[in-house]
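This report is for a reader meeting the structure for the first time.

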Amino acid sequence: MGSTLVTPGWVRRRLAPNPDGSPWWARAFRATRVRVVSQAFFFSLFVFLVWCTWFSRLRGYPVSLFLEVDPLVGVATAIANHTVYRWLWRGLLVFIPTLLLGRAFCNWMCPYGTLHQLVGWLFNVWTNRDNMSRNRYRPAYQIKYLVLAVFLVLAALGSLQVGLLDPICLLVRTFATAIAPAADLAHVNLAAALRTRLGMDPEPLLLLSSAPGALEQRVFRGAWFVGAMIVGLVGMNLVIPRFFCRVLCPLGALLGVLSRWSLFRIDRDLAKCTDCDLCLRRCEGASDPHQALRKSECFVCMNCIDDCPEGALSFRLERLPVKDRVLGDLAKGTATLFGEKVISRVPDTVRAAPAVPRRRWLFAVAGGMLAFPFLRLSAAVNKRGFSPKAIRPPGSVEEAAFLERCIKCDQCIRVCPTNVLQPATLAPAGLEGLWTPVMNFAIGFCQLNCTLCSEVCPTGAIQKTPLDRKLGLGPYAEKGPISIGTAFFDRGRCLPWAMETPCVVCEEVCPVTPKAIGTYDEEITRWDGKRVLLKRPYVRPELCIGCGICEHECPVVDSAAVYVTAVGETRSIERSLLLEATRKAKEGT
């Protein structure tokens with residue numbers, strides 16, 4: 001007798017066809033499961049690229065990839081400075097699918113959207129009825145379109161502010177200044193515990209560090225606010241699901257405007273829909289799939305298709321509106337569509353454009369025009385009243401052009417090996433320059449042989465700068481090295497000048513040749529009768545490049561006796577310190 005192979009019951013159930021007759025794999029590989037895999041992949045890719053944004057890990061990885069494919073970054077920078085810098089054309093990789101599929105980026109690729117959806121899923125304690133109510137469209141969801149209009153008007157006038165709320169910029173900035181330093185602190189404490197308590201070698205844990213090889217714990221000004229901001233925005237999911245995505249996201253608004261022309265959309269079959277509204281239970285975009293679908297709000301999450309008990313919803317090629325083709329009386333239940341009885345009482349199936357009245361668009365444009373002078377007339381970004389501490393990275397373009405290009409993503413801050421680059425607060429840069437990179441020499445210094453910040457800048461606010469250009473070598477010898485500022489001495493705090501105490505730290509650490517700091521030798525009789533030789537320092541402004549190592553290493557640690565300001569930087573004629581340098585710069589232009 002031949003043996004009979006018995007298939008376990010759970011296998012038969014898994015391989016059983018679907019109720020509609022489709023094979024089992026249509027259930028296993030349905031769109032929502034593929035979407036979850038896509039979200040996990042792109043979020044993991046984002047974290048990996050952030051992890052690689054460090055001098056020992058770059059290795060040619062496209063660490064600014066998500067910023068480069070962000071279409072809002074590309075559009076806004078093109079409007080502001082009339083160029084598409086380097087890799088920003090990659091925004092077409094999102095633009096074109098949006099015109100085809102709608103706002104799929106928001107729920108299939110965007111790492112910030114994935115974070116919000118994950119938090120909303122983890123803390124979803126509401127009933128189905130509550131969720132259906134919470135996922136209906138609200139007029140407050142118009143706000144993001146008004147934010148987009150304000151940002152684009154500001155960009156057209158020369159002030160690039162999209163980075164304040166662009167989700168990719170916001171998430172990169174949060175990882176760079178808040179999450180990565182916190183993770184490093186946890187890593188250090190864990191390594192210490194393993195070494196002291198368990199006697200284990202913590203070397204393998206270096207993989208978890210965001211900044212391996214950093215001499216000190218990395219710190220950032222205003223990190224508490226950046227951290228509190230993301231906690232607040234993510235926490236608002238408990239009040240309004242996908243709060244940021246639905247209410248504030250300017251990138252989502254841009255994609256929403258584009259998606260009104262998308263070729264595919266969620267379509268509702270009037271002959272099957274019973275108006276049960278169950279499709280609202282897990283609707284991510286509050287796009288009203290139970291009636292006239294708001295194409296500009298739909299995230300293409302496909303949850304409504306899964307949740308519809310009648311199979312009335314499908315993702316299909318856009319077709320002509322069917323409302324005017326319904327024959328008969330809906331109220332009496334005698335209506336038909338193409339010969340089939342219409343069950344739904346709502347004949348509208350699509351609403352393509354964003355639900356923003358024309359007057360509100362005009363108010364938003366006017367708001368952007370009014371905001372520009374308020375931002376630009378701040379003394380912090382004025383040619384004469386600029387902050388002396390607004391010291392930009394080497395390779396930065398002139399300040400007005402810098403503010404037209406910088407998206408406040410803080411990629412340069414993340415990659416900086418010495419921690420000298422900090423997100424600007426209101427004091428040195430005003431509201432217009434908030435979170436743009438400035439140098440703080442109390443925390444670090446600009447390493448002489450480093451141009452990493454120019455490598456990762458996605459918009460050209462910091463131009464890609466060869467090392468020879470920074471140092472003024474080879475073909476750039478005639479131009480000389482890039483100067484980002486000039487050092488000055490406070491003789492009232494300098495040990496040799498004010499306290500008759502020998503000190504030559506600033507001269508010793510000056511990295512340029514010949515040195516930009518010299519000394520006057522003077523032998524004196526101290527107050528206690530001892531004869532001492534003092535080397536009293538001074539600055540040679542023609543040689544100083546403003547690297548700040550003298551300020552960083554000064555033993556007067558509370559407020560250094562030598563300090564660097566932005567005056568004398570080579571990127572700006574107006575900020576030239578020496579009259580001869582100003583004359584030559586003007587002759588060269």
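Which residues does S296 touch, not counting residues up to four places away in sequence? In this predicted model, S296 touches R103, Y145, G256, S259, R260, A352, A353 and P354.

**Two serines in loops**

S296 sits in the loop between β2 (293–294) and α15 (303–307). Its relative accessibility is 1%, so S296 counts as buried. From its side chain, S296 reaches the backbone oxygen of G256 at 2.8 Å, and G256 is also among the residues that S296 touches.

A polar atom of the S396 side chain lies 2.7 Å from the backbone oxygen of P393. Leaving aside neighbours within four places in sequence, S396 is in contact with F402, A461, I462 and R571.

**Two helix pairs**

Two packed helices are described by the angle between their axes and the distance between the axes. The table gives these values for two pairs.

| Helix pair | Angle | Axis distance |
|---|---|---|
| α5 (residues 71–81) and α14 (residues 250–259) | about 85° | 9 Å |
| α8 (residues 111–122) and α11 (residues 167–197) | about 75° | 8 Å |

At an angle of about 85°, α5 and α14 are therefore roughly perpendicular to each other. Their contact is made by P71, L72 and V75 on the α5 side, and by P250, L251, L254 and L255 on the α14 side. Sorted by class, this contact of α5 with α14 has seven nonpolar residues, no polar ones and no charged ones.

The angle of about 75° places α8 and α11 roughly perpendicular to each other as well. Here P111, Y112 and L115 in α8 meet P167, I168, L170 and L171 in α11. By class, the contact of α8 with α11 has seven nonpolar, no polar and no charged residues.

**Cysteines**

How many disulfides does a search of the whole structure find? The search finds zero. C494 is in no disulfide either, and the nearest cysteine sulfur, that of C506, is 6.3 Å away.

C494 is buried, with a relative accessible area of 6%.

**The whole protein**

Taken along the principal axes, the C-alpha atoms fill a box of roughly 110 × 70 × 45 Å.

Contacts can also be sorted by separation along the chain. Of the contacts in the protein with a separation of 6 or more, 73% are between residues 24 or more positions apart.

Key
Residues are numbered from 1 along each chain as its sequence is written. This is a predicted model: local features need pLDDT of at least 70, side-chain atom pairs count only at pLDDT 80 or more; totals for chains, interfaces and linings use all residues. Side-chain values use heavy atoms; hydrogens and water are left out. Helices (H or I, at least four residues) and strands (E, at least two) are DSSP runs, numbered from the N terminus. Buried means under 20% relative accessible area, exposed over 50%, partly exposed in between (1.4 Å probe, protein chains only). A polar contact is a pair of N or O atoms within 3.5 Å; within protein, one must be able to donate a hydrogen and the other to accept it, and residues adjacent in sequence count only if both atoms are side-chain atoms. Contact means heavy atoms within 4.5 Å. A disulfide is a pair of cysteine sulfur atoms within 2.5 Å. Axes are lines fitted to C-alpha atoms, for helices over the stretch in contact, and angles run from 0 to 180 degrees between N-to-C directions. Angles under 35 degrees count as roughly parallel, over 145 as roughly antiparallel, 65 to 115 as roughly perpendicular and the rest as oblique. Ala, Val, Leu, Ile, Met, Phe, Trp, Tyr, Cys and Pro count as nonpolar, Asp, Glu, Lys and Arg as charged, and the others, Gly among them, as polar.
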